[in-house]
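Thanks for making the time this morning.

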Amino acid sequence: MFSIIKDFLVCFFIFAKKRNVVEKEKLKRKLFHGTWQYKEGFVISGLLILLGIIVGFITKNPINFPEFPLNLSISISYSLLIIVLYKFEREQKIIKWLSSIPAAVTSTVLFAVTSALLGIIPQTDPGVILKNNFWFDIGFKHLSTSWLLGLSYLFFLTSLGFATVKIAYPFKFKRLGTLLSHLGLYIIILAGVAGSSDAKRTYFVLNNDAAPTNIVKDFFSDKQYKLPFKLQLVKFDISEYNPKIVLVEKKTNNLLMPESNQHFIIHKNDEEKFLDWKIKIKTFYKYAYPSDSLYQEFTSTNAFASLPAAEVEVYDKNDSIIKSGWMTCGNFAWSRKNIDVNNNYYFAMLQPEAKEFSSHVKAFLPGENTEEFSLKVNSPKVVEGWKLYQTSYNEQMGKWSNYSLIEAGKDPWLPVVYSGIFLLIAGAFYIFWIGSFSSKKEEEEEKNNNLNEKNQ
Amino acid sequence: MNWTNFPLAAYSASALLILAFGLLFFPIKRKLKVTLANLLTITALIIFIIFITGLWIHLERPPLRTKGETRLWYSVFLILLGIITFNRWKYFWFLAFTNLMALVFIFVNLAHPETYNKTLMPALQSYWFVPHVIVYILSYAVLGVSWLVSIKGLIKSYPNLNVFGKIISIIFYPIFFIIDILSDEKNEDNHKILKMADDIVYIGFAFLTLGITFGALWAKEAWGNYWTWDPKETWALLTLLVYLIYIHIRTHHKNRTKLHLWILSISFVFLLSAWFGVNYMPSAKNSVHTYSQQE
Ligand code: HEM
């Protein structure tokens with residue numbers, strides 16, 4: 001039992017338990033003397049944690065990566081530095097260690113530990129700064145912008161960078177798959193962090209009949225953004241499905257589906273069974289106005305605030321009419337009207353669902369050019385580096401919405417991150433196909449040995 | 001073709017999948033078994049592809065909008081990936097698992113036809129959603145098997161078990177037995193066991209990588225940002241890192257087999273926390289990924 005617990009602990013603190021005499025010799029090795037191993041890695045990790053906390057406490061603010069062009073030159077110089085250092089100084093103790101498995105493992109452990117903190121401790125919302133809060137100051141409340149995470153990131157990235165160069169140089173075709181994984185991950189992590197400061201995103205409202213503007217106010221934070229072009233909403237369009245009819249149980253407010261288990265979407269002359277009753281649509285106007293104050297009659301129209309209305313008949317089991325009249329789902333201007341069946345149930349019309357909505361927009365580009373286009377959900381448009389998305393509208397007013405909610409985003413580093421992601425995916429396919437590298441290698445070595453023996 | 005044809009397609013495909021599943025446990029010649037299992041499963045796949053194509057034409061849009069339609073794709077991709085993985089690695093347990101999971105989704109669809117019309121929440125309406133979920137299911141399943149393998153190795157590593165250890169090994173014995181039958185491998189020592197674990201971890205890790213990257217691409221589409229340090233994302237990353245540690249430690253120190261087995265078995269704890277635990281973490285209160293609260 002004792003040995004199980006001991007091995008478990010050894011595993012947990014990857015600190016090696018040494019078995020044979022040669023390794024016992026190594027154990028006596030002083031820290032940072034001889035070949036660096038796991039111990040050095042953990043000591044460095046510990047120092048980085050301490051440093052992260054201290055620097056965080058002194059500076060007290062979340063860190064932001066510098067913006068373009070400084071971020072680009074930092075990324076390129078850092079990568080070049082790694083390549084050059086490996087090329088000319090790879091026999092140096094530190095370089096050798098940084099491109100070794102112990103550094104890879106310990107930096108991954110450190111990165112995992114900081115990520116775990118991030119995954120456990122509740123974080124403040126981005127942009128919020130807590131004054132005089134010890135845990136905030138040292139970074140525990142905003143880990144994703146803390147020195148703690150930044151430094152563990154740096155260690156991880158450095159080790160990964162050296163590993164990538166080591167795998168790539170000298171290049172062997174056999175290592176292409178591994179190279180793809182490492183290079184892909186390196187690119188994602190570097191470009192993801194360096195590019196984060198250049199990424200911008202805002203939601204804003206374009207009102208009907210408003211003048212073109214290039215200063216937009218964020219819908220959620222009220223922060224102002226300046227776009228490199230002016231925008232104007234020419235027309236907002238929405239098309240709706242016909243509304244559905246459901247049977248409602250008064251006591252529980254449960255909506256009951258028809259017998260067929262398919263939603264009953266209104267069409268003229270359609271009929272559908274619900275429990276003991278059948279409902280039949282006599283007349284249906286998609287856009288109608290009540291033509292009297294008692295909602296007895298509706299007329300078709302396309303005027304502002306018109307709404308769907310249906311004239312229906314309800315039959316009982318014996319096919320005789322028990323109720324008839326007009327029903328409507330109501331909107332911001334008119335109240336709803338249901339058809340009562342008995343003390344327990346009534347028929348109700350649901351609000352029509354949007355099928356598609358789009359904004360016809362005019363953009364005034366620098367240099368007197370204009371461009372007109374329409375924005376739909378899932379069909380964004382790029383203008384001057386900003387990607388514009390149709391997001392929402394005044395949902396209470398539905399078809400008669402007085403504004404359109406647009407999202408504008410800019411992420412110039414996205415193609416770089418995506419190329420990293422696709423390298424990583426390619427690497428994953430390779431890994432899937434090849435399986436265990438180490439066992440492959442052993443098999444090959446075994447085969448070679450056998451061949452050698454035969455040749456001798 | 002529409003949903004009224006579904007029971008026909010579903011029952012015939014299920015019959016084939018069940019046959020293939022049962023076949024895997026039969027003691028017939030390996031080669032024959034592989035051929036038959038392939039034949040049955042591929043036919044089931046073709047039936048599904050025909051049904052989906054028909055449905056697509058009938059609906060005049062990709063059938064990706066409702067939960068029922070999503071489950072249809074789950075079944076198809078599970079069967080497809082099952083066939084590919086089976087033919088690459090010849091792991092019978094893998095095909096058994098994917099067929100079983102596909103059956104579960106088929107039967108949920110048969111049992112809950114009323115969900116056909118319910119719409120998905122907007123964030124889930126993305127082409128990345130289905131592949132993302134599928135590869136995650138598969139990677140968790142495969143890494144789960146690697147965990148079983150590591151437990152087996154650990155029990156072997158400690159011959160002088162106390163009562164507690166013996167109880168554990170008896171509980172797991174039936175599972176090991178089934179895996180042994182289906183994997184066709186006799187694992188004598190820790191090296192052999194770890195070699196098998198390595199292959200399985202690599203497959204699972206590949207799926208995990210795909211899962212996290214598809215998730216990032218999907219998040220970019222749905223929330224405008226590929227990485228937000230959301231607790232669910234963070235725990236997924238953590239799982240990835242833990243298995244990375246295992247993979248790299250394995251490439252060195254080949255003889256520290258006990259250590260490797262321990263790391264592998266502990267990795268699974270992280271995986272389980274990522275899967276189940278996130279909703280209970282203090283940090284989860286503003287996670288965008290805990291759909292369970294909304295349902
Ligand atoms: C998706 C992520 C990764 C995968 C799939 C992966 C996989 C592998 C594999 C299979 C090997 C063995 C290659 C061989 O022996 O030919 C390896 C080696 C190595 N990896 Fe990774 N790795 C990943 C990420 C990382 C990271 C993040 C680091 C560093 C922090 C790293 C550092 C190393 C190092 C130092 C080596 C040894 C290279 C050598 O000695 O030739 N890897 N990796």
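Let me begin with a term: a crossing of two helices is called left-handed if the near helix is turned anticlockwise from the far one by less than a right angle, and right-handed if clockwise. In that sense, helix α3 of chain B passes α7 of chain B in a right-handed crossing.

This is a predicted model, in which local features need pLDDT of at least 70 and side-chain atom pairs count only at pLDDT 80 or more, while totals for chains, interfaces and linings use all residues. Residues are numbered from 1 along each chain as its sequence is written, chains are lettered from A and ligands numbered from 1 in the order in which they are written, and side-chain values use heavy atoms, with hydrogens and water left out.

As for the chain as a whole, chain B has nine helices and zero strands, where helices are DSSP runs of H or I with at least four residues and strands are runs of E with at least two, numbered from the N terminus. Of its 295 residues, 59% count as buried, meaning under 20% relative accessible area with a 1.4 Å probe, protein chains only.

Returning to our pair, α3(B), residues 67-89, and α7(B), residues 190-223, pack at an angle of about 150°, with their axes 13 Å apart. That angle makes α3(B) roughly antiparallel to α7(B), a label used for angles over 145 degrees. The contact (heavy atoms within 4.5 Å) is made by B:Leu81, B:Thr85 and B:Trp89 of α3(B), together with B:Asp199, B:Ile203 and B:Phe207 of α7(B).

Notes: Axes are lines fitted to C-alpha atoms, for helices over the stretch in contact, and angles run from 0 to 180 degrees between N-to-C directions. Angles under 35 degrees count as roughly parallel, over 145 as roughly antiparallel, 65 to 115 as roughly perpendicular and the rest as oblique. Buried means under 20% relative accessible area, exposed over 50%, partly exposed in between (1.4 Å probe, protein chains only).
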